[in-house]
Amino acid sequence: MPPAHYLFLSLALFLIGAIGVITRRNVIVVLMSIELILNAVNINLVAFSRIFGDVSGQVFALFIIADAAAEAAVGLGIIIAFFRNRETVLADEMDLLKW
Amino acid sequence: MLDSIAFYFFAGVAVLSAALMVTRRNAVHSAVLLVTTLLATAGIFLQLRAEFIFITQIILYVGGIMVLFIFVIMLVRLDIALHHIRFRLQRWVALFVALALGVEITVVFLFARRLPGQGLLIQEPAPADKLPPNTEELARSLFSSYLLPFEIASVLLLVAMVGAVVMAKKRIDQ
């Protein structure tokens, strides 16, 4: 498989994730779309690691997976705290800081 | 031959279920479709002979992060979110942004292919039977060249864990 195939697969997943981040109102689904974007980046890293025959790309993919876990934990903690205060998970009703 | 069949199968499943994920109304359906996407991506990793990333993806993403997501979906009330699901105007903004970005990256990619000395993107990777054992190689690199980032990642995970617990716990004194 030439590398271009992996790049275009990664591009497609990234764009779908970006569309999800922009269009969805449910913040949980927005967080899931961010996970999809991070996953698309991982495909690129692992594909280039294979092409160059160097394992560093896979090490960075591991770091990105760890970051995604940390981000999901903190983000979902924020969502639970916010839901307890305001009884909503919709992005356009989160306007405490909006003036 | 088998390689390309595996690639096209997993890529098709990944893109299809990702597209369904951002368009389904029910957040639980989105979560299940995201699990499908992540599993298909794990298949892509296996096709790239990255066995350790493959198993980490399944254990950590599918087994850990997605369970966390589904827990939170069950904790918050969803029926309010089901009625008015998406921004109307922002659908077109999103499509425009995605199309612009996609066309831009594609044009840059096709153009970069013609530049001298840029044959990297069309060259075939080394045959799979000559690869060193993946997990050994990864561990050697992780614990020699990337030891400091590895330790920093552990501190990051600790901070994230403490932060998540503090934010999600109930205030007792109020």
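**B:R49 is partly exposed and sits in a loop of chain B.** Around B:R49 there are 18 other C-beta atoms within 10 Å. A residue is called buried with 20 or more other C-beta atoms within 10 Å of its own, exposed with 12 or fewer, and partly exposed in between, the C-beta atoms being placed from the backbone. The loop that holds B:R49 runs between α2 and α3 of chain B. Helices here are DSSP runs (H or I, at least four residues; strands are E, at least two), numbered from the N terminus. B:R49 is not a glycine, yet its phi is positive, about 60 degrees. Most residues other than glycine have a negative phi. The model is predicted, so local features need pLDDT of at least 70 and side-chain atom pairs count only at pLDDT 80 or more, while totals for chains, interfaces and linings use all residues. Residues are numbered from 1 along each chain as its sequence is written, and chains are lettered from A and ligands numbered from 1 in the order in which they are written.

**B:S144 lies in the loop between α6 and α7 of chain B.** With 8 other C-beta atoms within 10 Å, B:S144 is exposed. B:L156 comes 12 residues away along the chain from B:S144, and the two C-alpha atoms are separated by 20 Å. Chain B as a whole has seven helices and zero strands. Of its 174 residues, 22% count as buried.

**α1(B) packs against α2(B) as a roughly antiparallel pair.** The two axes come within 8 Å and cross at roughly 160 degrees. Axes are lines fitted to C-alpha atoms, for helices over the stretch in contact, with angles from 0 to 180 degrees between N-to-C directions. Angles under 35 degrees count as roughly parallel, over 145 as roughly antiparallel, 65 to 115 as roughly perpendicular and the rest as oblique. α1(B) passes α2(B) in a left-handed crossing (the near helix is turned anticlockwise from the far one by less than a right angle; clockwise would be right-handed). Residues of α1(B) in the contact include B:F7, B:F10, B:S17 and B:M21. Two residues are in contact if their C-beta atoms, placed from the backbone, lie within 7 Å. By class, this contact has 13 nonpolar, seven polar and one charged residues (Ala, Val, Leu, Ile, Met, Phe, Trp, Tyr, Cys and Pro count as nonpolar, Asp, Glu, Lys and Arg as charged, and the others, Gly among them, as polar).

**α3(A) and α7(B) run roughly parallel to each other.** Their axes cross at roughly 10 degrees and come within 8 Å. This crossing is left-handed. From α3(A), the residues that meet α7(B) include A:F63, A:V74, A:I78 and A:I80. From α7(B), they include B:P149, B:L156, B:L157 and B:M167. The contact of α3(A) with α7(B) has 17 nonpolar, two polar and no charged residues.

**Chain B and chain A meet through 68 residues of chain B and 58 residues of chain A.** On the chain B side, α1, α2, α3, α4 (79–83), α5 (88–114), α6 (134–142) and α7 each give two or more residues. The largest share of that side, 11 residues, comes from α3(B). Its residues divide into 52 nonpolar, 10 polar and six charged.

**The largest nonpolar core has 66 residues.** Such a core is a set of buried Ala, Val, Leu, Ile, Met, Phe, Trp, Tyr and Cys residues joined through C-beta atoms within 7 Å. A:L13, A:I28, A:M32, A:V46, B:L34, B:F45 and B:I53 have the most contacts inside it. At least two residues each come from α1 (3–23), α2 (27–52) and α3 (56–86) of chain A, and from α1 (2–23), α2 (27–47), α3 (51–75) and α7 (147–168) of chain B. α2(A) gives the largest share, 14 residues. Leaving out residues up to four places away in sequence, A:I28 touches A:I79, A:V89, B:A27, B:F69, B:V72 and B:I73.

**A:V21 lies in helix α1 of chain A.** A:V21 counts as partly exposed, with 19 C-beta neighbours inside 10 Å. Not counting residues up to four places away in sequence, A:V21 touches A:V30, A:S33 and A:I34. A:R86 is 65 residues from A:V21 in sequence and 22 Å from it in space, C-alpha to C-alpha.
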